[in-house]
Each structure stands twice: as C-alpha cells, then as structure tokens.
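I am opening a new notebook page for this chain. My plan is to start with the whole and then look at single elements and residues.

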Amino acid sequence: MRDGFTYEELLRIFQLSLSAEEADRLARAGAQDSEVGASTATSGLAVGGVSFSDDTLILLSLLSESTNARVEKHRRLGNRHIGENEQREWETRREELRKEFGQQLRVRP
C-alpha cells in the first residue's frame, strides 16, 4: 500500500453523504488500489489528482491509526508547516465529526 487511500476507505467516507453511485465514482477516482486505480499523490490535500476537503481527510483519519498516519503525511507534504491555530481547528473539527459520524464509522470515542 502506498501513501494514498484505498477504494474501500474512500467508499466508507463518501457513503456517509452521497448516493451509492456517486460514492463509488468518487472512491474509484481517488483510490490507490492497483485493482481499482493507479493514482499518485500530487499535493498535501490531493491524491490521484482528486482534492479532498478537510472534512473528508478528517473522516479518513478517524477510520484507523493507519489512515490517520497517511492523512497526517499528506497534510505535511512538501514540508508544509501546520501552525498551532490550524492544528487546534483541525482537532476541534475532528472531534465534532467523531461525535457526528463515529458510530457509522465504528470509531471508538
């Protein structure tokens, strides 16, 4: 597995708010599975040419320690500095999304 996200990981996130067809389409577009697509990361917030919103990245970070590590790596690509305020806002939003979607994602509190 490279540093991107799998079809299954993306599908879990996109299914939270999109139709099955749209979730599938977006998951395929952003997946790094060799069976699904051969995408590569192009910037700190994009994978395979697909830009992910902060909320999508935060939800991905909640799936597992592995996805969280990959999200953090993407946030810091190019030695991008993340300031204290930005990190605090990220953590606040992460907790909000954990409360809202944690059960659907089977995330521990």
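**Entry 1: the chain as a whole**

I began with burial. The chain has 109 residues, and 42% of them count as buried. I note here that the model is predicted. Next I looked up the secondary structure. I found five helices and three strands. I then read the elements off from the N terminus, and their order is α-α-β-β-β-α-α-α. I also checked the contacts between residues at least 6 apart in sequence. Of these, 59% join residues at least 24 apart.

**Entry 2: the nonpolar core**

Which residues of the largest nonpolar core touch the most other members? I looked them up: Phe5, Leu10, Leu57, Leu59, Leu60 and Leu105. The core holds 22 residues. I then asked where they come from. Helix 1, helix 2 (20-30), helix 3 and helix 5 (84-105) supply at least two residues each. Helix 3 gives the largest share, with six residues.

Leucine 60 then contacts Phe5, Glu9, Leu10, Ile13, Thr67, Asn68 and Val71.

**Entry 3: helix 1 against helix 3**

I turned to helix pairs. Two packed helices are described by the angle between their axes and the distance between the axes. I took helix 1 (residues 7-14) and helix 3 (residues 54-63) to begin with. Their axes come within 10 Å and cross at roughly 120°. The crossing of helix 1 past helix 3 is right-handed. On the helix 1 side I listed Glu9, Leu10, Arg12, Ile13 and Phe14. On the helix 3 side I listed Thr56, Leu59, Leu60 and Leu63. I sorted this contact by class and got six nonpolar, one polar and two charged residues.

Threonine 56 lies in helix 3. Is threonine 56 buried or exposed? Its relative accessibility is 12%, so threonine 56 counts as buried, the cut-off being under 20%. Beyond four places in sequence, threonine 56 is in contact with Ile13 and Phe14. I also checked its C-alpha distance to phenylalanine 14.

**Entry 4: helix 3 against helix 5**

Helix 3 came up again. Helix 3 and helix 5 pack at an angle of about 60°, and their axes are 9 Å apart. The two helices are therefore oblique to each other. Helix 3 passes helix 5 in a right-handed crossing. From helix 3, the residues in contact are Asp54, Asp55, Leu57, Ile58, Leu59, Ser61, Leu62 and Leu63. From helix 5, they are Trp90, Arg93, Arg94, Leu97, Arg98, Phe101 and Leu105. By class I wrote down nine nonpolar, one polar and five charged residues.

**Entry 5: helix 3 against helix 4**

How do the axes of helix 3 and helix 4 (residues 65-75) cross? I found an angle of roughly 145°, with the axes coming within 5 Å. Helix 3 brings Leu57, Leu60, Ser61 and Leu63 to this contact. Helix 4 brings Thr67, Asn68 and Val71. The classes are four nonpolar, three polar and no charged residues.

**Entry 6: two more residues**

I looked up aspartate 24 next. Aspartate 24 is found in helix 2. Its relative accessible area is 24%, so aspartate 24 is partly exposed. Which residues does aspartate 24 touch, not counting those up to four places away in sequence? They are Tyr7 and Leu11. I also noted the spacing of aspartate 24 and phenylalanine 14. They are 10 residues apart in sequence and 8.0 Å apart in space, C-alpha to C-alpha.

Serine 51 has 61% relative accessibility, so I logged serine 51 as exposed. Glycine 30 is 21 residues away from serine 51 along the chain, and their C-alpha atoms are separated by 8.5 Å.

Key: Residues are numbered from 1 along each chain as its sequence is written. This is a predicted model: local features need pLDDT of at least 70, side-chain atom pairs count only at pLDDT 80 or more; totals for chains, interfaces and linings use all residues. Side-chain values use heavy atoms; hydrogens and water are left out. Axes are lines fitted to C-alpha atoms, for helices over the stretch in contact, and angles run from 0 to 180 degrees between N-to-C directions. Helices (H or I, at least four residues) and strands (E, at least two) are DSSP runs, numbered from the N terminus. A crossing is left-handed if the near helix is turned anticlockwise from the far one by less than a right angle, and right-handed if clockwise. Contact means heavy atoms within 4.5 Å. Ala, Val, Leu, Ile, Met, Phe, Trp, Tyr, Cys and Pro count as nonpolar, Asp, Glu, Lys and Arg as charged, and the others, Gly among them, as polar. A nonpolar core is a set of buried Ala, Val, Leu, Ile, Met, Phe, Trp, Tyr and Cys residues joined through side-chain atoms within 4.5 Å. Buried means under 20% relative accessible area, exposed over 50%, partly exposed in between (1.4 Å probe, protein chains only). Angles under 35 degrees count as roughly parallel, over 145 as roughly antiparallel, 65 to 115 as roughly perpendicular and the rest as oblique.
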